[in-house]
Amino acid sequence: MSHIVIDKNRCKGCYLCIEECPKKLLKIGDKVNNLGVHLVEFDDPNNECLGCAMCATRCPDMAITEVYKG
Amino acid sequence: MTECLTKTNKKVLTKGNYAIANAAVIAGCECYFGYPITPQSEIGEFMSGKMQELKRAYVSAESELAAINMVIGACSTGAKAMTSSSSCAVSLMQEALSYAASDQLPVVLVSVMRGGPGLGNIYPSQGDYNQATIGGGNGDYKLIVLAPATVQECVDLTYKAFYLAHKYKNPTVLLADGLLGQMMEPVEFTDYPYPEVDNSSWALTGAKGRPARVIRSYAPSADDQCEFLENLHAKYKLIEENETDWEEFNTEDADIILVSFGSPARNTKSAMKHCRKLGLKVGFLRPITLYPFPSKRIAELAQTAKKFISVEINMGQMIRDIKLAVNGKVPVELINKPVGNPPSVEEIVERIIKESEE
Amino acid sequence: MTTLTQTFKIPESIKKGSKFSFCPGCDHGVAVRLVAEVLDELGLRENTIAVASIGCSVTLYDFLEVDTIEAPHGRALAEATGVKRARPNKTVFTYQGDGDFASIGMAESLHCALRGENVTAICINNTTYGMTGGQLGPTTLLGQVTTTSPTGRNVEYYGYPIKIAEHVALCDGTAYSARVSLDTVPNIRKAKAAIKKAFEIQNKGLGFSFVEILSTCPTNWKKTPQQAHQRVREEMMPVFVPGVYKDITEKNN
């Protein structure tokens with residue numbers, strides 16, 4: 001199924017990806033990385049991800065390192 | 001302008017500027033970038049025709065800033081590249097020379113000095129001794145500086161400039177003056193006498209089958225910069241040990257030693273000979289490399305000589321290096337012309353007679 | 001079971017394990033990634049020599065697995081000229097900010113275009129000097145407050161901002177000049193297409209190719225990354241209108 005991979009150490013918490021997701025599957029999470037940033041979380045309980053890579057295309061830090069469609 | 005010049009292996013009559021340009025071509029200069037300024041414009045004029053004829057790179061740059069940075073770009077690929085300029089325009093290049101020294105690139109700059117400061121005039125001058133040997137760029141760096149005194153030496157030291165620049169990965173200046181640039185003398189263009197230096201370990205060629213290479217001077221960490229500068233200066237020490245070059249005559253028993261570089265060295269040498277005829281114990285030393293400066297030899301000679309006299313076309317610049325070498329042991333005097341033709345033989349002899357009477 | 005297709009990966013031309021050192025939300029990261037993607041797609045990485053400049057763009061070589069030389073401020077296109085003339089079979093590009101390209105480096109930039117040097121220049125326009133803390137630059141908009149235009153850019157003291165892509169397009173040696181924006185994903189895709197076109201034009205030996213990229217500086221603009229993109233749309237794009245200002249391949253077609 002379509003999904004994304006987030007590298008928690010690359011995320012700087014700009015949250016630009018959140019509004020890009022057409023299915024609103026990204027949100028600010030509780031976990032904090034070594035930059036002190038509340039990480040973006042990918043939450044897709046109903047397998048809605050399209051694998052469109054809009055989030056990764058938007059991310060200025062390549063924190064969304066991989067996107068798969070299928 | 002390009003007609004007479006190829007490898008001759010016999011004497012031809014030519015001007016200093018053409019001699020330098022043709023020697024650069026024979027040395028294998030692949031790229032010339034330049035902007036006109038008197039008294040060295042013949043170099044660019046010659047190169048514009050010759051480089052196109054040979055299908056090598058030539059650019060009439062929009063400024064000296066651009067020209068020297070084009071040289072840096074070309075040198076970053078390991079190419080033999082040069083620019084030529086004069087005084088107030090060499091001032092414009094100081095930033096890039098600092099970068100090139102930091103980047104450790106084999107930049108060759110021909111600097112044909114004219115009067116200064118500011119726009120000055122187009123008469124011969126040695127007013128840029130300090131600019132070349134101390135430098136006007138920022139940071140602790142050194143340029144190798146070669147100073148020809150004859151048109152033949154304009155050829156030989158141009159060859160050497162390319163060799164040393166590549167051997168030590170260090171910007172190298174051929175420091176001539178307007179007199180040499182415009183003077184005609186018989187010269188011989190031999191084959192380039194030096195081995196080709198292998199640049200393959202550092203040149204930018206595209207990161208094929210190896211990690212990418214970066215030529216940079218930005219050093220965000222102070223520790224890295226300390227280490228870098230120590231290594232850079234270890235290289236300078238090596239250059240000082242291996243490449244210091246000068247010639248000297250009648251110095252062993254001399255009471256007075258005349259020191260002069262470039263075009264005034266010619267009259268100075270004649271003056272020394274004349275003084276010897278008069279029975280005066282006068283010697284002559286001519287630094288051929290201004291950096292590295294023959295300080296060690298001058299210090300040795302200060303053990304026996306009673307006085308040094310620096311002969312220069314400026315207000316006295318090299319004299320400071322002589323004083324540093326002599327380190328207060330004996331007096332160092334100056335015979336100078338602020339700008340224009342060098343002090344005449346008569347002037348120098350007259351002054352020596354006066355000095356020896358004291 | 002469905003087969004998975006990878007629709008995004010970190011480009012090969014990005015240095016392994018490297019992380020961008022730009023501020024959060026800064027579009028520089030997107031621009032560098034797009035260049036890397038284009039180098040990958042055109043198979044150019046191993047034959048490319050990049051010229052980095054001064055400003056936030058200087059760290060390019062920390063992120064790209066490409067041979068790079070760092071030029072003094074404003075001199076990137078002079079150095080690129082030297083590289084290309086010495087090694088005409090290499091792909092050569094600069095990555096510069098607007099201050100580097102169009103203020104201190106204006107002479108080098110426009111003369112490189114006028115000579116029709118067969119190199120590509122990528123210029124980030126964020127209307128400020130980012131690395132030094134947000135001073136007024138050549139592209140600072142009228143009315144824009146910066147640390148050196150505390151009451152906003154006025155014509156009396158500062159004159160007008162420059163429209164870079166239009167100026168570059170006026171040079172006869174320019175083969176391609178475009179302005180793109182990174183404010184939305186569709187625009188990011190257009191930006192990539194423009195960068196790709198620029199490199200293709202260089203590979204065909206057609207002359208100078210140029211892409212101006214409207215970009216954000218959330219830190220110095222004192223905006224969130226989201227507000228910054230809104231500013232690009234509402235304030236920058238009406239003045240710096242995106243589009244292709246010159247493309248000699250189109251004319252030939």
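Mentor: Two strands pair if DSSP finds at least two bridges between them. Strands are DSSP runs of E, at least two residues long, and helices are runs of H or I of at least four, both numbered from the N terminus. The model is predicted, so local features need pLDDT of at least 70, side-chain atom pairs count only at pLDDT 80 or more, and totals for chains, interfaces and linings use all residues. Residues are numbered from 1 along each chain as written, while chains are lettered from A and ligands numbered from 1 in written order.

Trainee: Why are β10(B) and β3(C) called paired?

Mentor: Two bridges join β10(B) to β3(C), residues 67–70 of chain C. The rule asks for at least two, so they pair. The strands run parallel. V214(B) has T68(C) as its bridge partner.

Trainee: Which sheet holds β10(B)?

Mentor: An open sheet of eight strands, with mixed pairing. The order is β10(B)-β3(C)-β2(C)-β4(C)-β5(C)-β7(C)-β6(C)-β8(C).

Trainee: What makes β10(B) and β8(C) edge strands?

Mentor: β10 (214–215) of chain B and β8 (243–247) of chain C each have a single partner strand, so one side of each is left without a neighbour in the sheet. For β8(C), β6(C) pairs with it in the antiparallel sense over four bridges. There A178(C) has V244(C) as its bridge partner.

Trainee: Which chains touch most, and which do not touch?

Mentor: Two residues are in contact if their C-beta atoms, placed from the backbone, lie within 7 Å. No contact joins chain A and chain B, whose closest C-alpha atoms lie 20 Å apart.

Trainee: How do you know where chain B divides into domains?

Mentor: The bounds come from an automatic or database domain assignment. Domain 1 is 11–193 + 232–240, and domain 2 is 246–357. Their C-alpha centres lie 26 Å apart. Contacts link 25 residues of domain 1 with 20 of domain 2. α6(B) gives the most to domain 1's side, four residues.

Trainee: What span is expected of helix α10(B), and what span does α10(B) have?

Mentor: The expected span is 1.5 Å times one less than the number of residues. α10(B), residues 264–277, has 14 residues. It reaches 20 Å from first C-alpha to last, close to the 20 Å expected. Just after α10(B), G279(B) takes a positive phi of about 85 degrees.

Trainee: Which peptide bonds are cis?

Mentor: T38(B) to P39(B) is one of them, with omega about 10 degrees. G116(B) to P117(B) is another, at about 0 degrees. P117(B) lies in the loop between β5 and β6 of chain B. In that hairpin, which has five residues between the strands, G118(B) has a positive phi near 65 degrees.

Trainee: Why does the radius of gyration of chain A agree with a compact globule?

Mentor: The radius is taken over C-alpha atoms, and the rule is 2.2 Å times the number of residues to the power 0.38. For 70 residues that is near 11 Å; chain A has 11 Å, so it agrees. Chain A follows the pattern β-α-β-β-α-β. Buried residues make up 39% of the chain.

Conventions
Buried ≥ 20, exposed ≤ 12 C-beta atoms within 10 Å, placed from the backbone.
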